[in-house]
Amino acid sequence: MEIAVDLLASVDEYDGSVGSQLKAGRERLGLSLSDIAEKTRVPMRHLQSIEQSNFDALPGQTYTLGFARSYANAVEMDATTISEAMRLELARSGHEGYQAPAQNYEPADPARVPSKTLAWTSAAIAAVALAAYLIFRSLTLTDAAPADKPVASPISVKPAATAPIAPLPANNTESAQQGTGDAI
């Protein structure tokens with residue numbers, strides 16, 4: 001608790017907000033907000049919201065704390081102190097982080113739950129169907145190749161003998177001229 005009082009005292013000496021401390025550190029170094037945005041890769045709108053303590057415009061406590069730490073590192077301030085002070089400032093302003101909504105579980109309505117008879121009947125039908133499938137499957141596999149019948153060997157087909165291919169006649173210019181001369 002003593003740490004919290006020290007942090008609150010350090011926040012209060014700079015206009016009461018972490019954003020004003022960060023802004024003062026930025027101005028001390030002569031940096032603009034766009035310089036900090038470029039250095040930290042935090043959007044300018046979020047940096048402006050931190051400086052103005054407009055926590056409703058920020059995405060969430062985790063992001064806000066991370067942005068504040070990056071901002072503090074960029075202006076050469078102690079990031080841990082800034083982070084703790086930001087955490088306290090967020091708690092003071094009612095932004096204490098994400099709280100999961102309470103879930104109200106109601107027991108199931110007994111009238112809507114299927115009866116035990118229906119469940120046992122469904123299980124029996126499934127067992128009979130499975131047994132029928134297995135019997136059918138075993139019968140079809142044994143009927144496919146009975147052991148008492150000999151299996152005929154497949155007929156072997158030999159390829160027919162092929163005749164040699166005759167060479168094409170040589171292209172003689174005389175025969176070509178004779179062929180065209182006779183046609184005229």
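A residue counts as buried when its relative accessible area is under 20%, as exposed when that area is over 50%, and as partly exposed in between, with a 1.4 Å probe and protein chains only. The model is predicted, so local features need pLDDT of at least 70, side-chain atom pairs count only at pLDDT 80 or more, and totals for chains, interfaces and linings use all residues. Residues are numbered from 1 along each chain as its sequence is written, and side-chain values use heavy atoms, leaving out hydrogens and water.

**Exercise 1.** Find how the rings of Tyr63 and Phe67 are arranged.

*Solution.* The structure holds 1 aromatic pair, and in it the rings of Tyr63 and Phe67 lie 6.2 Å apart, centre to centre, with 40° between their planes, which makes the pair tilted. The rule is that rings of Phe, Tyr and Trp (its six-membered ring) pair if their centres lie within 6.5 Å, and that planes under 30 degrees apart are stacked, those over 60 edge-to-face and the rest tilted.

**Exercise 2.** Describe the surroundings of Tyr71.

*Solution.* Tyr71 has 0% relative accessibility and so counts as buried. Leaving aside neighbours within four places in sequence, Tyr71 is in contact (heavy atoms within 4.5 Å) with several residues, among them Leu22, Arg26 and Leu33. Leu22 and Arg26 are themselves among the buried residues of α2.

Definitions and conventions
Helices (H or I, at least four residues) and strands (E, at least two) are DSSP runs, numbered from the N terminus.
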